[in-house]
Amino acid sequence: MSEKTRRIALLGLLTALCFGLSYIELMLPALPVGVPGIKAGLANICVVAALYLLGPWEAAAVNLARIVLNWLLFGSFTGLLYSLAGGAVSFAVMLLLKKSGAFSPVGVSAAGGAAHNVGQIAVAALLTGTPSIMLYLPALLIFGTAAGAVNGLIFAALQKRISPQRKG
Amino acid sequence: MSKLFKRDLALIVAIILAALALWGASALFKKEGESVEVRLRGELYAVLPLNKNAELDVEGLCTVVVEDGETYVKSSTCRNKLCENHRPISRAGETVACLPNGVTVTVKKEGGADFYV
C-alpha cells in the first residue's frame with residue numbers, strides 16, 4: 001500500500017471512529033451536578049490520534065468533520081456554535097503544545113480538554129447574555145483536564161500497540 | 001518519556017491550581033442576592049424578588065421557582081435535565097443554566113420590583 005493510500009485510509013478510519021465515539025458519548029448519562037459542559041470528550045481521542053499519526057491539517061479535518069456530522073445528525077444550531085468554539089480553542093491549544101515538543105499526548109490532550117471548556121463557556125456567556133455563567137469555569141477546568149488526561153492515556157496506550165505504523 | 005510525563009503532570013497540576021484559585025477568588029466575592037434575573041436566549045425575560053415565593057413559566061420551556069430566598073429550575077423540556085439537577089441558588093452571581101433551551105437564571109445583588117418582559 002502506498003504511503004498516500006495508507007494516510008487517506010487512516011484519515012477515513014479516524015473520522016468514522018470519531019463519529020462512533022461521539023454517538024457513544026451521547027448515550028452516557030450526564031453527571032448530575034447541574035453544570036453544563038461536563039463530559040468525557042471521547043471523540044477527542046481521534047483528533048489527538050490524527051494530530052500524532054497524520055498531521056495538523058488532518059487533525060483539523062477530523063475535528064471539523066466530527067462537529068459538522070454531529071450537528072447534522074443529533075444537534076441544534078446553538079449546539080454547533082458551542083462545538084465550534086470548543087473545538088477551535090481546544091485544537092489551537094493542542095497544536096501549540098504538541099509543536100512545543102515539551103509534552104506527551106497526555107499533557108496535550110489534558111490541556112485540550114480544559115481549553116475546550118474555556119471556549120464553550122465563553123460562547124455560552126455571550127449567547128445567554130449571562131457573564132456570571134463563567135463561575136462554572138473552575139469546575140469545568142478540573143473536569144475537562146481530568147477527562148482530557150484520561151483520553152490522552154487511552155491514546156498513548158493505543159500508540160504503543162500500533163507503533164509499527166507510527167508517524168511523526 | 002518520563003521527562004515528558006513530569007512536564008505533563010506539571011501542566012495538569014498548573015491548570016487545576018489555576019481553577020482552584022479562580023474558584024477561591026469567586027467564593028470570596030460572593031454576596032447574598034436580592035433578585036433573580038431570568039434570561040431567554042440572551043434577552044432579559046423577567047426579574048423576580050428573591051424574598052417572595054413565585055413560580056415562573058418561561059415560554060413553556062422551563063419552570064423557574066423562587067422559594068424561601070432560593071431559586072431553582074423545577075422542570076425543563078431539555079434532554080439532559082442538568083438545570084433540574086442544579087442545587088437551589090441564593091448568592092449574587094450564581095447561575096442555573098439550561099443551555100439547550102437558552103434559559104439562564106441568575107441571582108443579582110440589586111433588588112428590584114418584579115416585572116416580566
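Biologist: In which order do the three strands of the open sheet in chain B lie?

Modeller: In this predicted model, three strands of chain B form an open sheet with antiparallel pairing. Strands are DSSP runs of E of at least two residues, helices are runs of H or I of at least four, both numbered from the N terminus, and two strands pair if DSSP finds at least two bridges between them. The order is 3-4-5.

Biologist: On what basis are residues numbered and values counted?

Modeller: Residues are numbered from 1 along each chain as its sequence is written, and chains are lettered from A and ligands numbered from 1 in the order in which they are written. The model is predicted, local features need pLDDT of at least 70, side-chain atom pairs count only at pLDDT 80 or more, totals for chains, interfaces and linings use all residues, and side-chain values use heavy atoms, leaving out hydrogens and water.

Biologist: What is the bridge partner of Leu56(B) in strand 4 of chain B?

Modeller: Strand 3 of chain B runs antiparallel to strand 4 (residues 62-67) of chain B, and five bridges join them. In strand 4, the partner of Leu56(B) is Val64(B).

Biologist: How many residues apart in sequence are the parts that Phe19(A) and Phe74(A) tie together?

Modeller: The two rings form a stacked aromatic pair, 6.0 Å centre to centre with 20° between the planes; centres within 6.5 Å make a pair of Phe, Tyr or Trp (its six-membered ring), and planes under 30 degrees apart count as stacked, over 60 as edge-to-face and the rest as tilted. Phe19(A) lies in helix 1 (residues 3-27) of chain A and Phe74(A) in helix 3 (residues 56-74) of chain A, so the pair ties together parts separated by 55 residues.

Biologist: Why is the pair of Tyr23(A) and Phe74(A) stacked?

Modeller: The ring centres of Tyr23(A) and Phe74(A) are 5.6 Å apart. The pair is stacked because the planes stand at 25°.

Biologist: Which residue has its charged end over the ring of Tyr52(A)?

Modeller: A charge sits over a ring if NZ of Lys or CZ of Arg is within 6 Å of the ring centre and within 35 degrees of the ring normal. At 5.1 Å from the centre of the Tyr52(A) ring, the residue is Lys98(A).
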